[in-house]
Amino acid sequence: MKAVTSLSRKCGRPPTPSELLQVAVAACRAAGRHAARNLDRRKETILVTAHDVKLALDVECQKIAERRILSAFPDHAILGEETAGETAPDHSPYVWIIDPIDGTVNFSHGLPFWCCSVAVQQAGQTVAGAVFGPALGELFTATQDGPALRNGKPIRVSDTSRMESALVMTGLDQKLSKRMNRLTLFKAIAENVRKARVMGAAALDACRVAAGQADAYFESGIYSWDVAAAGLIVERAGGQIETLATPGPHRLIFLASNRLVHFPLRRLIKSHLAL
Ligand code: LIP
């Protein structure tokens, strides 16, 4: 990482997307490995709500990722899940978006579907992103000018063209308005596609679309840090992403697809969410 810092500083030019990706990978690997090494501490909670938990490891892993990023780019801004309410990251054209443990509830139960996600945006555009799932041994990466990769090999979205044949990853938004029963939306999706799956880690779910293992991912009430990196990975794998609405600060209603099933799915979802 020192090589990246000295290179961009020495040349007096902005970092390239691949230099930024190198740091994103180092940050999410370091954070992910820390979580994986401390699996025995997965029940150390600092906040428990009806449908979610916040772990001591969430905070520790974010700090680890932050340190890696700031040691390479001390003047860049950070937007992290664990500190999102505390800082307004507007002092730099580069903003790093970190989800230290995406799929925290899975992690706390010992399920392998969790990951660390790190993206960097320049003037609001995602330039590079990495999603690392230590328990699955998977690293997904992309830059805005390069291919999407899984463990260094190119990946591509599926060619499923009919919504009825699609496998759709989704989630159950606990904060969906009381008027709108979240199960109604889930039922509508499940009844109109081949299979709906709820795996519990948005970044990994979207990467499944990039890898052609799922045809779409839709979730209401996730946050920008859940999909900042994975969104770019889907696009660079040939897919389409769309924020259907932003119901609150950093909150998203988000659809990612292989492009071919995007329009019918969007229509179905919009008709149920009254967007
Ligand atoms: C999780 C998402 C998941 C969603 C959960 C939660 P976290 O993120 O990845 O898709 O269903 O409610 O938002 O909180 O583990 O980073």
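**Aromatic pairs and helix packing**

In this predicted model, a search of the whole structure finds 4 aromatic pairs. One of them is formed by F107 and W114, whose rings are arranged edge-to-face, with 4.8 Å from centre to centre and 75 degrees between the planes. Buried residues are those under 20% relative accessible area; F107 therefore counts as buried, its relative accessibility being 0%, and W114, with a relative accessible area of 2%, is buried as well.

Another aromatic pair, that of Y217 and F254, is tilted, the centres being 6.3 Å apart and the planes 50 degrees from each other. Because Y217 belongs to strand β12 (residues 216-223) and F254 to strand β14 (residues 251-257), this pair ties together parts that are 37 residues apart in sequence. Both Y217 and F254 are buried. A ring is also involved in a contact with a charged residue: R29 lies over the face of F132, at 5.4 Å from the ring centre.

The packing of two helices was examined next. Helix α2 (residues 17-37) packs with helix α3 (residues 56-72) at an angle of about 155 degrees, and the axes of the two helices are 8 Å apart. Since angles over 145 degrees count as roughly antiparallel, α2 is roughly antiparallel to α3. The crossing in which α2 passes α3 is right-handed. On the side of α2, the contact is made by V23, A26, A27, A30, A31, H34 and A35, while α3 contributes L57, E60, C61, I64, A65, R68, I69 and A72.

Note on methods:
Residues numbered from 1 in each chain as written. Predicted model: local features only at pLDDT ≥ 70, side-chain atom pairs only at ≥ 80, totals over all residues. Heavy atoms only, no water. Phe/Tyr/Trp six-rings, centres within 6.5 Å; stacked < 30°, edge-to-face > 60°. Buried < 20%, exposed > 50% of the residue type's maximum accessible area, 1.4 Å probe, protein only. Helix = DSSP H or I, 4+ residues; strand = E, 2+ residues; numbered from the N terminus. Lys NZ or Arg CZ within 6 Å of the ring centre and 35° of its normal. Axes fitted to C-alpha atoms, helices over the stretch in contact; angles between N-to-C directions. Parallel < 35°, antiparallel > 145°, perpendicular 65-115°, else oblique. Left-handed = near helix turned anticlockwise from the far one by under 90°. Contact = heavy atoms within 4.5 Å.
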